[in-house]
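Here is a short report for a first look at this structure. It moves from the domains to the ligand shell, and then to one residue.

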Amino acid sequence: GRQRIAVIAGDGIGTEVMPEGVRVLRAAADVFGLSLEFTEFDFASAEYYERHGDMLPEDWFETLSAFDAIYFGAVGWPDRVPDHISLWGSLLKFRRGFDQYVNLRPCRLMPGIPSPLAGREPGDIDFYVVRENTEGEYSSVGGIMFEGTDREVVLQETVMSRTGVDRILDFAFELADRRPARHLTSATKSNGISITMPWWDSRVREAGRRFPEVRLDQYHIDILTANFVLHPDRFDVVVASNLFGDILSDLGPACTGTIGVAPSANINPSREFPSLFEPVHGSAPDIAGRGIANPIGQIWSGAMMLEHLGHEDAAAAVVSAIEAVLAKGARRSPLTPDIGGTGTTAELGAAIAEELGAS
Ligand code: NAI
Ligand code: MG
């Protein structure tokens, strides 16, 4: 049946890359006979904030709940709205309100993009970071005692619940179980953080019993970050708490080249609420308005959305089209300046849509 997608372009280059994301999704819908309906919204932007004094309308929850997925660009325009207002007033409300407890980021070396890691070729790096997105180290439990005195003491607690940890582990194991390598790595620090992390490890072992086919290992977070750089080929699916996952999910894509290419998903696996798909990058005010932003992060996020909506073939075709266009290089494809070309956002989006139709 018909699937409804809420389109929120946001700020800066979000408004430039989003039309290319929609263009490629429409092309995929044509080729694969999908019925996707797009509805655009102007909230979650500096402009909306300046007009209404808030980032979102009061009924945002009801409005967006009616959609099968949210396709998001980028939010933030520090000269116009302080970043904590734009982020906490929009994206973080979506994540919490829609219980998007999984943050998923593929880390994949793409053809034609020089690897920042010497000697690595496309195919060598291809893994997922699964970050817990709702609890853990980012709790607001804590406070400052004896503030302003020599006796000042500051505390901030880590909060891990059995439900919260088990559900992220289940998602990660299920993902690993579907992939050919069937390998899951857990990020821990049980040698230093002596209460929560040994408990996290025990929940990992427990979940592992339900997935006997998945090879399981664990690394302490310090050596794990080193291994992301030194041996990225060792990883298939990596699962981590909120803080560790935050770090790994920036480091992973950084190891594979430009920030303009990386996608991400904020997923509510129960499908009770819509999940949100967005590029890793922000609104890039430094290049906004020039039509040179790389649209691939937005387009690849669209592929993740197709997969979530049950269209695995269409999703794979979009990723293949991106790879094919990149592989032709800057001489034969209109690559944007960040990846060594002189193409525009629209030219690159059109090239990917055309490749999809041709394949
Ligand atoms: P940014 O990701 O917007 O930009 C970082 C650098 O990468 C800039 O030099 C930019 O030109 C470049 N870049 C980013 N995306 C690109 C693309 N598609 N093509 C070519 N070059 C690209 O991060 P920054 O500058 O720290 O933040 C700018 C604003 O975006 C802030 O308001 C920030 O809060 C917001 N932001 C929003 C995010 C979101 O909506 N999820 C994520 C990250 C930042
Ligand atoms: Mg981060």
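## Two domains

The C-alpha centres of domain 1 and domain 2 are 26 Å apart. The domain bounds come from an automatic or database domain assignment. Domain 1 covers 1–108 + 260–359, and domain 2 covers 126–255.

The model is a predicted one: local features need pLDDT of at least 70, side-chain atom pairs count only at pLDDT 80 or more, and totals for chains, interfaces and linings use all residues. Residues are numbered from 1 along each chain as its sequence is written, while chains are lettered from A and ligands numbered from 1 in the order in which they are written.

Confidence comes next. The chain has an average pLDDT (the predictor's confidence in each residue, from 0 to 100) of 95. A score of at least 70 is reached by 100% of the residues. For the complex, the predictor gives an ipTM of 0.98 and a pTM of 0.95.

## Where the domains touch

Contact here puts 15 residues of domain 1 against 17 residues of domain 2. Two residues are in contact if their C-beta atoms, placed from the backbone, lie within 7 Å. On the side of domain 1 that touches domain 2, α5 (91–97) and β4 (102–108) each supply at least two residues. β4 gives the most, with seven residues. Helices (H or I, at least four residues) and strands (E, at least two) are DSSP runs, numbered from the N terminus.

The table sets two groups of residues side by side by class.

## The ligand shell

Which residues are the closest to ligand 1? They are Gly76, Gly260, His281, Gly282 and Asn294, and 23 residues surround the ligand in total. A residue is near a molecule if its C-beta atom, placed from the backbone, lies within 6 Å of it.

## One residue: Leu64

Leu64 sits in helix α3 (residues 60–65). Leu64 counts as buried because it has 23 C-beta neighbours inside 10 Å; the cut-off for buried is 20 or more. Beyond its neighbours within four places in sequence, Leu64 is in contact with Ala6, Ile70 and Pro274. Ile5 is 59 residues from Leu64 along the chain, and their C-alpha atoms are separated by 9.2 Å.

Key
A residue is buried if 20 or more other C-beta atoms lie within 10 Å of its own, exposed if 12 or fewer, and partly exposed in between; C-beta atoms are placed from the backbone.
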